[in-house]
Structures are given as structure tokens and as C-alpha cells.
Amino acid sequence: MAYEALDNLQQTLDQILNHGDERVITPSVKQEIISIRIQAVVLQLNVKHYPNKETITEAANSTHEIIEYLFSEENVPDGESIDPTVRLANRLREVAQRLESTVGDVVDYIKGNDPISSVTDSPDVSSSSRSAITSSKDDDVVGFEEDVEVIKDRLCMGSSRLQVIPIVGTGGIGKTTLAKILYNDSLIRKEFSICGWVTISQDHSVERIVSNLLASIKEISALRDAKSDIPIETLICEYLKGRRYLIVMDDMWSKKAWDDVKMLFPDVGHRSRIIVTTRLQDVAAYVDSSNFIYTIRLLDAHHSWKLLKRKVFGHKDIPIELEDIGKKIVKNCGGLPLSIVVVGGLLSKIHTRYSWKQIAANGGQLETIIGLSYTHLPNHSKPCLLYMGGFPEDYEIRVSELIHLWIAEGIVTLSNGSKSLEEEAEDCFDDLVERSLVLVINRKFDGKIKSCSLHDIVREFCVKEAAKEKVILSVMDYLPTPILRSHFVPRLIKDHHSISASSYDLHLKDYVHSSHIRTIICTPKKGYRSVGFVEKFSSVRVLHVLRRNDHWDWEPGQVFDLVHLTYLASNIPNSIVPSAISRLQNLQTLVIYRSEVRLPMEIWRLRHLRHLIAFSFQPLPNPEGENNPLENLQELSLATDLVCSKRMVEMIPNIKKLGICYSMEKFDADAGYHFNNLKYLCRLEKLKLEMRRGISRRQLLYEMALEMRGGFSFRQFLDEMVLMRGGGFSFGQLLDEMAVDFAFRLVNEKLVWTSFRLVNKILGWTSFGGADKRLGGLNFPLLLRRLTLSGWMLPWRDMAIVGSLPNLQVLKLRNYACKGKYWQTSNGEFRELRLLLIDRSDLVYWGTAAHHFPKLECLTLRRCHGLDGIPREIGDIHTLELIEVDEQSTRLLLSAEKIQKKQRDSGKRSFLVRVKRS
């Protein structure tokens, strides 16, 4: 009861501070409220160790009652001689002093009985993360069928003016899920030429919203480099003017957030639409211009039961002995989809009537359900889930980084000798997803999860429990305002070895007890750098700076004094890693958020290094003078112009993941890159080989011409040119434009191939300005499971070498990895291949047979506009589950649908055809 009373008190105080009448909340009143808030936090920190908890409960409840009375309508002043705000401040001061007396008793007791005081138990958390329910596609749709149809009509029909459609509902009811169903609907996508998604959240900033919107709308993102002199806001607005667009603004918490960004969205009569999801009715009413507010209802009994059955048993029948107790459990959930999904994740792991009866007896409160699901986790999975509470609200967590952090923290251990730490961590993560405790945000082409997040209510549980169990303390959740943190952070972190904090918090000077901190997850805040924090956190082992658009750099001279570091992820000031890195002899993971990073020779002397990652590295220093290999190194990406010499291969003998990029302008197949030595990397499982070329404006126009074959209109092309020209073209460039302009006119007249021959002839290009660059000496290690080739323009016949790899399961051919119109596969190739991706190719004819890909499960074809169709033999592959094509490839979609009909006629109802936006 003490925890609950203190929680209620703090929530009321926060509500007054954030939403109170400014005429009443004067500086003196605000100061007293903050004082009471701090006293409440002190009590919450120490309540666990104070035996007479009833005293704390009584103090918190009485304070709460007085606060509510002082700010109630009954207490409105009526002709008093004294200034009412002065009277209010005086009364609040009395309340603060009375509460301070209780705090003094508690602190005195703990000081006398336990020298290590101020422990953390149940922090107060504001919930604001995205409201998404992510399981299977079928699960998502259950109960939303009617909602989808109603909103779909609003999106596709009605006024030609821009309309905002608010979706309102409580947390966990499925607002984001409904928005995602609409956003990904193929018919809706065809209605809008531009679609974008951005999550707002409580802690929003205009810069972050604009940047995330830019990243979501790839068409604008591609133009940013071409017109870097135009402000991003102007670029977005101008680009949207000539188009019909659909924007989803998820998780909006304030009117101000809408006022900050509404100027980005022009209303020029193209029937554009904006979907806003929010919990707040007043925000919905504010953003809406048509008096249409869609409120999501709780699921009825029928849909609740259907969702639970789908989550627990898929499409199988539920055992008869579990049906009655299952219906009782789902009734307890009260129709809240998140409750049903989470309890379904728990029930899917236990199929005994006795266990189900125990769960039914615990009621249907969502917090209780989450607690039950946590209790039933394997012991080794519990800290993994709680650790995720250290990431901020609405943060999209990269699964690869999460796994690296789990390992660096030592919370993942080996269960037996057959699996690596990374494999154990992946199994643990997959289990959390299956239990619906973790949301899937993005998947890779092979179905593996790329990024994830936590629902706000699950995250609230994790933040509290993680602090209680000393897994990690989220400072910004515990003390939500900078004023509170400036006064109380040093004491708050006294008993915690792992913290999640902002760069502002690390910037605070008064850190008396910080040398014990081992882990810092840092959220960058604009204007605060890491200057001076090293002396305070001299024992830190894990320093993970989140990837945010407002970069935060560490000072190289300081970070290399952190000699205990095992994990470092951050941006760096100038792309140069100095030789002082040799001091970090315990370093296992180095992640740098920057391109063209220059590494010193000393990098070869970090014997414990497991992961070496950057957006790209400059050519690695020659290791010829080094004697000892990096035997622990498992991942290196992205190395530029890597010479695979015998010595280089010997230095990384146990590498499992390797990414290499070469420059087409500098590449010479005879220059001695020694690709044949790749076969000696006997443990290599994942390899990415990329050929990049510098893209001139001519080449960009040409590639736009290729995209035009996918169905772009001539008007869209002109719009692109208006944005890109800006008045700075020479006469020669203008001729180039005219050539492409004329080519596009021919495209619109269906004279496709004539137009491309014309472009080639006028602009003088052959294969984008480069001769046929062959990847000489193709010789891959036999253990290779995943291979990505990009930009190499290899003859299709070279795929026979790739097809002979005995363990290859994933093959991605991107950006003209292969060149030529014909590809004929042969018997005995691709025996283990599960996924094949071809993205951007001039392939016209593909000859194959079902037994050439005997285990293929997923085929993805994107921007293959010349391909005359998917071979019908692909439809005879018994293992095939999914074909994915982009929306511009009409012929491929038609042939995919024929294959789907063939598969379903043969009884395979699960076979899917997915249409992706180009």
C-alpha cells in the first residue's frame, strides 16, 4: 500500500505541474510542489527498508488528500484580502514540512540500521510508448475488421481537401495496430503516391519528427543529398504539394506536437490524409478538421475468444478440457487486446488445466497479467527482458545491439557447449517475442527480427522491476523532470551499478557516489557532451550511446581512460580512432556511428575484440608486422577495399560475419584483392560484398529512368526535376535533362526499350559508366549460410559457383549484382537455399525448375521491371511459403497470384503473396 500511495501522490503532483492553471502555479507555488515531490521520491527510495510502512502510507494519503483539496473548486478564493497564490504557497509549505518530518524519521532509522541506504524499489513511471500489438498478421486483424472498413472509406473517399483522421483509445487497445493494418493495406497504398509513418511520443522534438519522417519517405530522402541547400521542412512540404499522400502520426500526446509539424503538410486538393493516434480526446478534437473522431471499442466476447485461441493454438482446435477455463481467462481480460495477447503468450507455453486455473484465479488486470508472464519466464530470460526497460520510450531497439549488450553485461550464459553466446541470446529474444512481451517493429527479408520495442505498459513494468532487481535504473523515468534530476540523481544512483540516463544527467557535477557505476546507456540531449564525465565514472565497463539524430560525441582523450571498458558504442568527433585505443585491452565490442572511420595499427592488439562495426571503415591497416591474430573476432563490418591477403585472413581466423565494400572507380580485378583466400575463413557464416559507385547527376537521372519503367508518371518526373534543378544546371546538363525527358515521353507511349537505347546513345553510358567488373577468383568458404552481393554486375553464369555452396540458406542479389537478360539454373544448385532476393536487375528471362531450389521458402523480387514473369516451375516448390513483389511490377504480381492459386488449390492455404511499396 505504501508504494501505491506514493505513486498516486506523485502522479497527482506531476499532473498539477504539467497541466495546472498558469495563474495559480506561480513560481513560489511550483517550488513548494517540487519540494513535496522530492520528499515523496525520498520515501519511495527508502520504503523497502523501513519496518513501519503504515506510517508512510498514512503520510502519503493525508498529503494526497490535502493537495487535492487545495487545488479543488471548493477551495476557489472568494474576496480574500490576501493574495490567493500566496495563501496557497504557504499551505503547501506547511504540507511539505509535515511530510519532511516523516522523511526525517525514515532516513534516521535507515542510517542507524543500514549504512548503505537509499535503495530503489518501485519507481514512478509515465507511460508513453507506442501502442502496438505485434504477433502474426492474422492476430492483428482479429476484431478490427469493421474498424478497417470504416476508416478505409474515410481515407479513400470524401472531400478532396486534406483531412486528419484521429484514432482514439486507451493504452493497449490497439490504436497503432489498427493504423498499421490500414497503412500496409495494398488497396490503400495504391490510392496514395506517398506514404510515411512517424512516432511522436511525449518527449517529442520537431527535429526528431522531421528527421524520422524524412527517413520514412524514401523518395524525399533520396533527394536530400541532391538539394542539400534546401531546408528539410521546405523539401518535405514542396515534395508533398504535387502528390496525394498518407501520413501516420502515431502516439501524439499534446496539441503542441501538432502545431509544431502541421506546416509540413500542404492542402492542395489531392485528397491527402493524415492518421493521428492518441489516448487523449482533447488532442483528437484539436487536430481534426471534419469532426470525425474514431474511438476504438474493446473487443466483444466472440472476438476476444477468437484472438486468444489464435494466439495460443494458431489454427488448431483448442483441447476440450481447456475451453471453459480459457473462456474465463479471456473474460477477465475485459476485451483489451494487449491483455489477451500477453496472456496468450503465457498460455502458449503451458497447456495443463491446473496451470490455466491458476492464471484464471489471478484476475484480468493487465499489470497482473504482465507480472504473471514475467514470473513464468525462465530465470535466465528475466534480466534480459528487464534490461530493455533501460531504453527510452518509443526507441526502436536494434536486435543485434541488444544481443551485444546482453552478452557484454553477462546476463546471457552458455547452457551447454553446442551454442555460442550469440545463439543463446537469440533464443532468449525469440522466446520473449513468442510470449508477446516484445513488439516486432521491422523484420529482415528472411523473417528474422531486425528491430523491436516494448509496449508502454510492459515497459513500465520493466522499468520498475529492473530498478527493484538492480538490473538497470532508468533515471529519466524515475525523476522525470530536469529539476528533480539536478537535485537528486547522485543519491538516486548510489546503489545501482547500471543506469540509463541522458547526457544532461551525466553532465551534472555533483556525483559523489558514481565510481561504482559499471553500465551507462546514454540518451543524447542536444547541447550536452561528455566533457568531464570520465573522472566520475572511472569504473564503467559498458557505454552505449543511443543512435539519435542530435549526435553526441565522446572526447577521445577521455574515453580511453576508461580502461575497464568491454563495450563501447557511440559517434566520434572526426572519424579517426587514435592509437590510445590500445589502453582498452578488455574491449570486446566497438560500434561507431560514422562512415569512413580510420583505425590505427593498435586495433590488431585488442585480443578480446569480438565485434568491430561502423557504417564504414577506411582500408584497415596492414597487419603484416603483427604476430598474434584476433582469435575472438566474430564480426567485422563494413570494411572498405579490403585486401584479403593471406596475413589478413590469418588475423581474423574465427570471423563469422564479414562485410566488405569496394569502390567501382578504384576497383581493378587484377589489383590483388586475393578473393580466393576467402575460402580459408572456415567459420564464416555471413558475407556481404558490395561494389559502390559515385553517383553523378546524370547517373541519378538514368536510374530514375529505370524506375519509370515501373509505372512512374511523366508529371512525377517533372516534379522531381523542379526540386532537383534549383536553377544551377549547365547547358550540357540541360541537354541531359532533355534526353531523359524525351525518353520518359516514350515510356508513357509504351516505347520502353526504344527510350532506354536513346538515353544510352545520347548520354554515352554503358552499364552506368563502368566496364564489366568481374569478381575474380570467386571462392567462398563451405560453411557460408548467408551471402549478399551488391553492385558487382557479374554474369548470371557465375551464380553456378554460388549455387554449389552446400550450406547456403540466404542469397541476396542487390543493385545489379548480376548483369544480363538470361539466367538459367541447373540441377544440384541451391540445395539448402531458403530465401532468394533479387533487388534491382535487368533480368528478362529466368529459366529454372522446382528441384533447382528444393527448399526455397521465400522469393522476393523488387525493381525487376524487365522480368517477363516468375517461372511457373517456382509454383511446384513444396516448401515455398511466400512470394514478395513490389507494387510497380504488374507482370510479376500476376504470375505470383497464379502461383498462389495453384498452391492453394493443392491444399496449401498458408501460402502468401505480399506486395511491397518500392
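At 35% relative accessibility, Arg605 counts as partly exposed, a class that lies between buried (under 20% relative accessible area) and exposed (over 50%), computed with a 1.4 Å probe on protein chains only. The model is a predicted one, in which local features need pLDDT of at least 70 and side-chain atom pairs count only at pLDDT 80 or more, whereas totals for chains, interfaces and linings use all residues. Residues are numbered from 1 along each chain as its sequence is written, and side-chain values use heavy atoms, with hydrogens and water left out.

**Salt bridges**

Side chains of opposite charge can pair when their charged atoms come close. A salt bridge is here a side-chain nitrogen of Lys or Arg within 4 Å of a carboxyl oxygen of Asp or Glu, and the structure holds 35 of them.

| Pair | Closest N and O atoms |
|---|---|
| Lys349 and Glu434 | 2.6 Å |
| Arg605 and Glu626 | 3.2 Å |

Lys349 forms a salt bridge with Glu434; because Lys349 lies in the loop between α16 (337-347) and α17 (353-360) and Glu434 in helix α21 (residues 421-434), the pair ties together parts that are 85 residues apart in sequence. Helices (H or I, at least four residues) and strands (E, at least two) are DSSP runs, numbered from the N terminus. Lys349 is partly exposed, with a relative accessible area of 33%, and Glu434 is likewise partly exposed, at 44%. The two also belong to a network of salt bridges that links Lys349, Asp431, Glu434 and Arg435.

Arg605 is paired with Glu626 in a salt bridge. Arg605 sits in the loop between β14 (589-592) and β15 (611-617), and Glu626 in the loop between β15 and β16 (635-640), so that this pair connects parts 21 residues apart in sequence. Glu626 is buried, with a relative accessible area of 9%.

Glu881 is partly exposed, with a relative accessible area of 34%, while Lys908 is buried, at 15%.

**Cysteines**

With a disulfide taken as a pair of cysteine sulfur atoms within 2.5 Å, the count comes to 0 disulfides. The sulfur of Cys428 is 3.6 Å from the closest cysteine sulfur, that of Cys384, which is too far for a bond. Cys428 is buried, with a relative accessible area of 5%, and Cys644 also counts as buried, at 2% relative accessibility.
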